[in-house]
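This report looks at aromatic rings and at the charged side chains placed over them. Keep the sequence and the structure in view while reading.

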Amino acid sequence: MRIGFNGREGLVIHNVNYNDTGTVRPLFYRMSLAEMFIPYGDPRPPYHRKHVFDSGQYGVGFSTNSLNAQLDCIGEVHFFNTVLNNKDGEAQEVERVVCVHEEDAGILWKHTDYRTGKSSITRSQRLAITFIATVGNYDYVFAWHFYQDGSIEFHVKLTGILSTHLLAVNATPAGHGSIVFPQINGQYHQHFFCLRLDAEIDGNQNSVATSDVVPGPGETGSTINPYGQAFTNERTTLRTAGQARTKIAPERSRTWVITNPQSVHPYTKQPVGWKLMPWASPPLLLRNDSPIHPQAEWMDFNTWVTPYHDDQMFPGGYYLNNSGLPEWVGRDENANIENTDVVLWHNFGLSHVPRVEDFPVMPEEHVSIMLKPYNFFKENPALDVRAPHFVPSQNFNWSSEK
Ligand SMILES: [Cu+2]
């Protein structure tokens with residue numbers, strides 16, 4: 001991969017490839033945090049105006065930290081500098097905006113032979129590419145994690161200081177905030193992140209499907225489901241940009257699978273793929289008829305898929321002028337997104353009801369999404385991660401046999 005950095009998006013990951021036993025297979029052409037949206041829920045003036053687009057208005061790249069070489073990333077670390085423009089338009093070098101290091105991430109795979117009691121264990125050593133933005137009160141730790149089994153994670157830690165205000169003696173948050181300290185109100189708010197994923201799974205021409213796990217088919221007692229316990233994987237190929245406006249469905253275990261119809265897997269006889277595993281995110285709580293809604297209408301769905309266009313980089317449009325995804329897709333709902341160069345846009349986040357423990361500085365909360373190979377390789381791609389040695393297991397031996 002290559003990495004880049006700009007004032008609006010911060011870290012950008014380019015040309016992610018996987019060296020599959022000598023064959024370099026493309027995965028993602030460009031991955032970036034394309035927007036953030038933090039709406040607050042207190043209707044009392046002036047707080048009705050309190051909603052922030054951290055990327056489009058402030059720029060998470062312009063808000064970046066020069067990382068602390070001892071504490072922000074530890075171990076064997078490489079730091080990258082970047083060049084940003086200051087408010088006068090002059091170029092300015094910023095040191096240590098991105099750190100790259102490896103870190104232990106627990107067990108990668110393990111098996112204990114139940115008869116011999118011997119185990120084979122490998123540890124997960126992930127590559128972390130991190131930058132940290134302080135946008136006013138909040139601090140966001142953004143990390144791309146690359147794992148040895150091909151999994152890619154975008155992980156966001158939220159920390160820093162709550163946006164609070166002082167209440168009059170005996171005043172209350174009126175149902176829209178939490179008292180975090182005497183007379184201090186931490187208002188309810190949401191944090192949303194939009195990832196723009198320009199995919200090239202095994203090549204440039206991709207399709208996207210929702211993959212749901214659902215009961216059936218067949219009623220209990222029917223010949224195809226006599227005991228009523230059947231369930232199946234329902235795959236729906238999204239054929240147009242209009243159809244691709246989709247939401248998370250935790251009750252259906254929904255993931256989105258990006259496939260390459262040109263690259264058929266030798267075992268499954270189906271196109272190879274890579275899946276997006278979402279976070280259980282809340283919906284945007286702004287009402288549809290709110291005057292603020294048009295600017296954030298791209299948040300009405302968790303996933304959008306659009307045919308690639310050079311000038312479509314930000315979900316709310318370049319100027320956040322009620323444009324972006326809703327306008328582009330609305331203009332041509334039948335735009336083909338099958339077997340072509342596609343871009344996935346994925347929104348996720350959380351609703352934050354502040355706690356007393358979030359004050360005066362907030363211990364980290366995090367959200368993350370995973371991108372995992374889905375019938376892309378011929379076996380567990382982390383088999384080549386060497387198990388240091390076979391070790392005796394400490395399992396309780398419940399068997400009467402010796
Ligand atoms: Cu928050």
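## Rings and charges

In this predicted model, Arg-8 lies over the face of Tyr-318, at 5.3 Å from the ring centre. Another arginine, Arg-115, is placed over the face of Tyr-114, with 5.9 Å to the ring centre.

| Charge | Ring | Distance to ring centre |
|---|---|---|
| Arg-8 | Tyr-318 | 5.3 Å |
| Arg-115 | Tyr-114 | 5.9 Å |

Rings also pair with each other. Two rings count as a pair if their centres lie within 6.5 Å. By this rule the model has 20 aromatic pairs. One of them joins Tyr-138 and Tyr-140, with 5.6 Å centre to centre and 20° between the planes, and this pair is stacked.

Are these two tyrosines buried or exposed? Buried means under 20% relative accessible area. Tyr-138 has 2% relative accessibility, so Tyr-138 counts as buried. Tyr-140 is buried too, because its relative accessible area is 1%.

A pair of phenylalanines comes next. The ring centres of Phe-142 and Phe-154 are 6.2 Å apart and their planes meet at 10°, so this pair is stacked. Phe-142 belongs to strand β8 (residues 138–146) and Phe-154 to strand β9 (residues 152–160). The two residues are 12 residues apart, and their pair links distant parts of the chain. Phe-142 and Phe-154 are both buried.

Which residues do ring pairs link into a cluster? The cluster consists of Phe-5, Phe-131, Tyr-138, Tyr-140, Phe-142, Trp-144, Phe-154, Phe-193 and Phe-348.

Key
Residues numbered from 1 in each chain as written. Predicted model: local features only at pLDDT ≥ 70, side-chain atom pairs only at ≥ 80, totals over all residues. Heavy atoms only, no water. Phe/Tyr/Trp six-rings, centres within 6.5 Å; stacked < 30°, edge-to-face > 60°. Buried < 20%, exposed > 50% of the residue type's maximum accessible area, 1.4 Å probe, protein only. Helix = DSSP H or I, 4+ residues; strand = E, 2+ residues; numbered from the N terminus. Lys NZ or Arg CZ within 6 Å of the ring centre and 35° of its normal.
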